[in-house]
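The model is shown here.

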Amino acid sequence: MSRTTSFKLVLLGESAVGKSSLVLRFVRNEFSDFRESTIGAAFLTQTVNLDENTAIKFEIWDTAGQERYKSLAPIYFRNSNAAVIVYDITQPPETSFEKAKSWVRELQRQADPSIVIMLVGNKADLAANRKTPKEMGEQYAQEEGLLFAEASAKSGTGVEELFMEIARKLPTN
Ligand code: GTP
Ligand code: MG
């Protein structure tokens with residue numbers, strides 16, 4: 001018999017970096033090139049098996065990245081056990097990567113100190129148009145003690161893996 005533990009996870013990041021796309025790839029194995037911008041926030045769940053005795057249920061808040069929704073974010077990250085902070089590798093670092101760093105700082109100030117934070121460079125399928133070097137994400141994550149991955153919601157590369165990596169860091173006793 002496997003035991004299920006529930007955890008709250010929040011996605012944060014600039015609009016259009018692919019937060020909803022990553023979640024929908026993870027939860028429904030779907031992708032659309034024409035996804036509409038999230039209004040407010042969306043709630044989804046997905047359960048993964050860590051091993052034969054342990055399952056992790058993610059209760060996921062996919063927040064809206066547009067500036068007008070920024071003040072809502074604390075409602076979603078305040079009680080979160082994990083956060084996925086997303087940027088777009090095809091944008092220059094001054095844009096969505098900088099925004100990701102500001103979310104990290106906000107979580108370090110306001111979120112539960114035990115929160116597991118993962119930084120994700122999305123749109124890895126477009127690496128030919130890369131504007132933010134992988135090393136920049138890796139180095140920042142290392143300095144701040146964050147998990148780090150690049151992924152593609154479009155191809156699916158790295159998506160399941162990033163959630164599994166978070167699952168392995170969560171306390172399940
Ligand atoms: P907000 O809800 O406004 O905060 O945006 P979001 O971060 O949820 O972005 P969303 O998932 O809506 O994706 C924005 C656009 O990027 C859509 O047109 C997606 O099809 C596209 N997109 C998302 N992920 C990828 C990816 O991995 N590769 C490529 N090529 N396109 C992607
Ligand atoms: Mg969205």
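## Magnesium site

This is a predicted model. Ser-20 counts as buried, because its relative accessibility is 12% and the cut-off is under 20%. Ser-20 also coordinates the magnesium ion (ligand 2) through OG.

Ser-20 sits in helix H1 (residues 19–28), whereas Thr-38 lies in the loop between H1 and strand E2 (41–51), so the pair ties together parts that are 18 residues apart in sequence. Thr-38 has a relative accessibility of 16%, so this residue counts as buried.

## Ligand 1

There are 23 residues around ligand 1. Those that come nearest are Ser-15, Lys-19, Ser-21, Ser-37 and Gly-65.

Oxygen atoms of the ligand make several polar contacts. A polar backbone atom of Gly-65 is 2.7 Å from an oxygen atom of ligand 1. For a polar backbone atom of Lys-154, the distance to a ligand oxygen atom is 3.2 Å. In Ser-152, a side-chain N or O atom is 3.5 Å from an oxygen atom of ligand 1. On its own, ligand 1 has 660 Å² of accessible area, and the protein covers 91% of this.

## Ser-80

Ser-80 is placed in the loop between helix H2 (73–77) and strand E4 (82–88). Is Ser-80 buried or exposed? Its relative accessibility is 3%, so Ser-80 counts as buried.

The Ser-80 side chain reaches the backbone oxygen of Tyr-76 at 2.8 Å. Leaving aside neighbours within four places in sequence, Ser-80 is in contact with Lys-8, Leu-9, Val-10, Asp-112 and Ile-115.

Terms used. Residues numbered from 1 in each chain as written. Chains lettered and ligands numbered in written order. Predicted model: local features only at pLDDT ≥ 70, side-chain atom pairs only at ≥ 80, totals over all residues. Heavy atoms only, no water. Donors = N, O, S within 2.8 Å, 3.2 Å for Na, K, Ca; no water. Helix = DSSP H or I, 4+ residues; strand = E, 2+ residues; numbered from the N terminus. Buried < 20%, exposed > 50% of the residue type's maximum accessible area, 1.4 Å probe, protein only. Polar contact = N/O pair within 3.5 Å; in protein donor to acceptor, adjacent residues only side chain to side chain. Contact = heavy atoms within 4.5 Å. Near = heavy atom within 4 Å. Areas by Shrake-Rupley, 256 points an atom, 1.4 Å probe, with all protein chains shown as cover.
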